[in-house]
Amino acid sequence: MTMITQNDETFRDSISTVDAAGKRVWLFPKKPQGPLYNYRKWVSYGLLTLLFAGPWLRINDLPVLMLNIPARKFIIFGQIFWPQDFFILLLASLTFIVFVILFTVVYGRVFCGWVCPQTIFMEMVFRRIEYFFEGDSAQQKALAKADWDWNKTWRKTGKHTVFLVISFLIANTFLAYIIGSDALVKLVTDSPDQHLGGLASLVLFTGVFYAVFARFREQVCTIACPYGRLQGVMLDKESIVVAYDYNRGEPREKLRKNQERKAGDCIDCKQCVQVCPTGIDIRNGAQQMECINCTACIDACNNIMDLINKPHGLIRYDSESHIAANTKFRVTGRIKAYSGVLVMLVGILVALLATRSNVEATVLRTPGQLFQKTDHGTITNLYNISVINKTNHPYPITLKLLEPAGGTIALVGTDGLTLPAQGITEGVFFAELPAKALHLTSNKIRIGVYSQGKLITEEKTKFLAPAR
């Protein structure tokens, strides 16, 4: 019988994929089977479909998502964000970070097991390809120890060839999210010597993804991922995690035929360990750093419980406090309150996006230019205007002086301005106001930008006048 006590937590002193000598322990997890694994497959396939289709989907003739960092141009759900919208992106980022923290505090690492791209690609794509070519855990171990004959050569070569092809497809997809699908098509169809930088990026991305999924694997979750490292700070005893019910399972004992059982429900079959993609023993305790809450151990344990006629739930989604108190899980006021805050944060983010202006103007007085008096009793100031179009539609624009009343605007060097799609237009104009309407040396004025008679944005600036 083996049992981990509160004073015996030496398993936390090292990670499961590194031995005492500091060498890599290669994992050969057994293929999971069960309802939760099937649910995860459908969720994963749905998310993979969205991921690969994303660069080609359009809203208002714009990509659903494009993060062009070099050009400082971001498109989210068909809306263009320029550097002028940085404050919105900053607020959105802060909202997202708070959302992640609160979500983790309540629901644990559900994201890691069900939504994280690393987990989805590793467990639902690359690992399944590995099962196809090399078989399940026992066959993979045998193949790894076998000599390099024809059987091992074609299986290993076939597996890594498919790995490279999929890594190349992933690299193309991620590059499309950066430069856009149109630019990617041009990159692929044009002569390679015309896009050496883009070709180098594709090769680099392909190599990185291949290295991650063919070699680095679960080490991303246990070593590289900052979220995995931070979970110990964000989780508490009330967080929902994948947990082993030691009150029911201990003491452990092998199941023996025709023997009256006096031990706990855990028969120490180690099926939960064999299916774990990060190589941990969930029975050591909840909130292990390597645990990604993938639920593979839940399915494995439930399958064993069916065989020995015991109820499901020896390993289940629950909180550490409920396990310790031997009480059933329930939705507490804390969970409701935190979930309410999460909904509110999402509402704030949606409101920020919904109230954002599609056209933004900047009006500045021309440096070094003072006011001018005209012969018919008016005062003029010279201004520079820059208008940014955050949509995919061009606008013919005109300028009007909204406040104070009685003023006019005259463009310099042109009869009108045209605002290109996803572009910027600039111009110079005189604002002219009657002297009697100006009571201060520095007056506030309001300028409207119109397109086809409709006000699309406005800007406030200062108008200088002589002292009265």
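Let's start at K270, which is partly exposed, with a relative accessible area of 38%. Keep in mind as you look around that this is a predicted model. K270 is found in the loop between α11 and α12, and its backbone is worth a look: phi is near 65 degrees, a positive value in a residue other than glycine.

You'll find T295 in the loop between α12 and α13, the latter covering 296-307. Is T295 buried or exposed? With a relative accessible area of 1%, T295 is buried, because anything under 20% counts as buried.

Back in the loop between α11 (246-249) and α12 (271-274) sits P251. The peptide bond joining E250 to P251 is cis, with omega at about -5 degrees. Another cis peptide bond links E403 and P404, and there omega is about 0 degrees. P404 belongs to the loop between β11 (395-403) and β12 (408-411).

Now for some helix packing. Helix α1, residues 35-53, packs with helix α6, residues 150-179, at an angle of about 60 degrees, and their axes are 9 Å apart.

An open sheet of 3 strands runs in the order β3-β4-β5, and the pairing is antiparallel. Its edge strands are β3 (65-68) and β5 (79-81), each of which pairs on one side only. Neighbouring strands in this sheet are turned by 20 degrees against each other on average, ignoring direction. In general, strands of a sheet pair through backbone hydrogen bonds, either parallel or antiparallel. For β3 and β4 (residues 73-76), the antiparallel pairing extends over 4 bridges, and L65 stands opposite I76 in β4.

One last stop is V208, in helix α8, which spans residues 196-216. V208 is partly exposed, with a relative accessible area of 42%. Its C-alpha atom is separated by 8.3 Å from that of S167, a residue 41 positions away along the chain.

How values were computed
Residues numbered from 1 in each chain as written. Predicted model: local features only at pLDDT ≥ 70, side-chain atom pairs only at ≥ 80, totals over all residues. Heavy atoms only, no water. Axes fitted to C-alpha atoms, helices over the stretch in contact; angles between N-to-C directions. Helix = DSSP H or I, 4+ residues; strand = E, 2+ residues; numbered from the N terminus. Pairing = 2+ DSSP bridges. Buried < 20%, exposed > 50% of the residue type's maximum accessible area, 1.4 Å probe, protein only.
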